[in-house]
Amino acid sequence: MNTRGSRPCSLGSTRRALALCKCFRMMQIGPRTTSGLLSDSLDIPLDLTRFFSLRNSRIFRQVFDMWKDIEKSRINEFNYEKVIEILGEEGLIEDAYSAFIEMKTLCLSPSLQVYNSLIHGYARNGKFDDAVFYLNHLKEINLSPVSDTYNGLIQAYGKYKMYDEMGMCLKKMEMEGCSPDHVTYNLLIQELAEAGLLTRMEKVYQTTRMNRMDLKSTTLTAMLEAYANFGIVEKMELILKRTRNSKALLKEDLIKKIALVYIENFMFSRLEKLGHYLSKRSGQNDMVWCLLLLSNACMLSQKGMDSVVREMKVAKVSWNVTFINIILLAYLKMKDSMRLGILLSTLTNHIVKPDIVTVGVLFDANNIGFHGNGILETWRRTGILYRCVETETDPLVLAAFGKGQFLKKCEEAYSSLEPVARQKEKWTYCNLIDLVATYDGSVVNG
């Protein structure tokens with residue numbers, strides 16, 4: 001049981017200022033005083049500049065007391081309920097508890113919402129003993145917990161990765177005669193998906209299907225990411241199909257995870273479908289063009305790549321090194337030295353500077369009979385080779401085509417160095433090329 005009073009809280013005064021200001025705005029009451037701490041404004045009832053100087057909960061309580069003492073009718077269950085709710089949401093649980101004790105001192109009856117705020121506030125702060133105490137205390141005062149009471153606790157258990165406790169909380173909820181609602185099941189799926197507990201996640205998912213409950217877009221996204229993380233293609237695609245009928249917006253990191261699953265399973269045509277899906281949702285951004293190019297490049301489709309390039313020209317897309325390297329790597333794999341040479345020679349036309357992947361393509365092209373000494377000399381003359389080594393190419397490209405011989409040799413040569421030598425402040429392309437040449441010589445002579 002928490003018996004603490006309103007002792008100073010270690011959280012910042014700025015958070016208290018915003019929390020109290022939010023309370024007053026929700027109450028829609030403009031405090032009126034000439035003290036300087038409170039203003040006449042209905043929109044912003046606090047002078048935040050002065051309030052930011054408040055250092056602890058004692059002064060915070062003084063400001064709140066000043067506000068409610070201006071008009072005694074403000075001392076009621078509704079206002080305290082709102083104050084405790086906002087303080088709990090802001091993580092100021094000490095202040096919320098202090099307001100709760102004050103309510104009881106004033107002979108005000110805390111509502112179920114007040115207890116929910118305390119339970120959720122303690123749980124969000126990892127103080128589950130206190131949260132469970134107040135949950136059990138509800139019976140003693142003839143208040144019945146509702147689904148929202150348990151939902152906040154379940155979410156907090158998930159936050160702290162206490163998945164067994166989360167399951168026990170659900171059982172307790174059912175035993176107490178409180179039926180889990182769609183919010184409960186959405187929370188459970190999201191937390192279990194994030195934890196990678198797929199069997200338990202799918203069990204809950206099937207329950208929602210049987211009960212014809214709606215799934216939030218965030219829940220579908222969480223499931224999609226879980227399947228992508230484990231590389232389960234069929235189930236991943238099933239959920240991806242469901243997201244098309246929802247308002248789910250997939251973040252770029254998740255798109256890349258899905259694309260990587262397709263690449264690892266040699267399902268290159270799916271990359272194009274994923275690109276079109278993303279285009280409909282978020283417009284034709286760089287990720288879309290990357291997927292479209294990569295799909296056709298992996299299938300070594302010259303016609304497909306040309307088609308995408310024409311679309312990019314129409315859309316006036318700015319080229320980047322990822323686009324260039326996708327096409328270069330395709331030409332390298334196709335052993336098309338003529339097209340490869342033309343593209344390497346016209347990089348400046350696209351205002352694109354090569355990165356380590358581009359340099360690697362140039363050296364690996366020797367294996368298909370391409371002589372890139374002229375291009376290398378141009379890069380040396382224009383200062384490109386004296387730039388610091390960078391990898392600007394999207395990792396999906398290397399996942400699709402793999403590292404070439406030059407990049408592998410770079411890694412081997414770098415690994416062969418003494419620790420002190422590795423800590424060189426500046427590695428340029430020239431340095432790296434010389435290092436590989438020296439390493440190759442030592443391997444041959446050795």
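**Helix packing and local contacts**

Student: Which term describes helix 8 and helix 10, roughly parallel or roughly antiparallel?

Tutor: The two helices, 147-159 and 182-195, pack with their axes 10 Å apart and at an angle of about 5°, where axes are lines fitted to C-alpha atoms over the stretch in contact and angles run from 0 to 180 degrees between N-to-C directions. Angles under 35 degrees count as roughly parallel, over 145 as roughly antiparallel, 65 to 115 as roughly perpendicular and the rest as oblique. Helix 8 and helix 10 are therefore roughly parallel.

Student: What should be kept in mind about the source of these values?

Tutor: This is a predicted model, in which local features need pLDDT of at least 70 and side-chain atom pairs count only at pLDDT 80 or more, while totals for chains, interfaces and linings use all residues. Residues are numbered from 1 along each chain as its sequence is written, and side-chain values use heavy atoms, with hydrogens and water left out.

Student: How many nonpolar, polar and charged residues make up the contact of helix 8 with helix 10?

Tutor: Contact means heavy atoms within 4.5 Å. On the helix 8 side the residues are S147, N151, I154, Q155, G158 and K159, and they meet V183, T184, L187, L188 and E191 in helix 10. Ala, Val, Leu, Ile, Met, Phe, Trp, Tyr, Cys and Pro count as nonpolar, Asp, Glu, Lys and Arg as charged, and the others, Gly among them, as polar. By class, this contact has 4 nonpolar, 5 polar and 2 charged residues.

Student: How many helices and strands does the protein have?

Tutor: Both are DSSP runs numbered from the N terminus, helices being H or I with at least four residues and strands E with at least two. By that rule, the protein has 25 helices and 0 strands.

Student: What percentage of the residues is buried?

Tutor: Buried means under 20% relative accessible area, exposed over 50% and partly exposed in between, with a 1.4 Å probe and protein chains only. Of the 446 residues in the protein, the buried share is 47%.

Student: With which side chain does the side chain of N116 make a polar contact?

Tutor: N116 sits in helix 6, residues 112-124, and is buried at a relative accessible area of 2%. Leaving aside residues up to four places away in sequence, N116 touches V146, D148 and T149. A polar contact is a pair of N or O atoms within 3.5 Å; within protein, one must be able to donate a hydrogen and the other to accept it, and residues adjacent in sequence count only if both atoms are side-chain atoms. At 2.7 Å, the partner of the N116 side chain is T149.

Student: How many residues apart in sequence are the parts that K127 and E94 tie together?

Tutor: K127 and E94 form a salt bridge with the closest N and O atoms 3.9 Å apart; the term requires a side-chain nitrogen of Lys or Arg within 4 Å of a carboxyl oxygen of Asp or Glu. Because K127 lies in the loop between helix 6 and helix 7 and E94 in helix 5, the pair ties together parts whose separation in sequence is 33 residues.

Student: What is the phi of N142?

Tutor: Most residues other than glycine have a negative phi. N142, in the loop between helix 7 and helix 8, is exposed with a relative accessible area of 70%. Although N142 is not a glycine, its phi is positive, at about 60°.

Student: How far apart in space are L198 and A226, C-alpha to C-alpha?

Tutor: L198 belongs to helix 11 and counts as buried at 12% relative accessibility. Beyond four places in sequence, L198 touches A226, Y227, F230 and I232. L198 and A226 are 28 residues apart in sequence, and their C-alpha distance is 7.6 Å.
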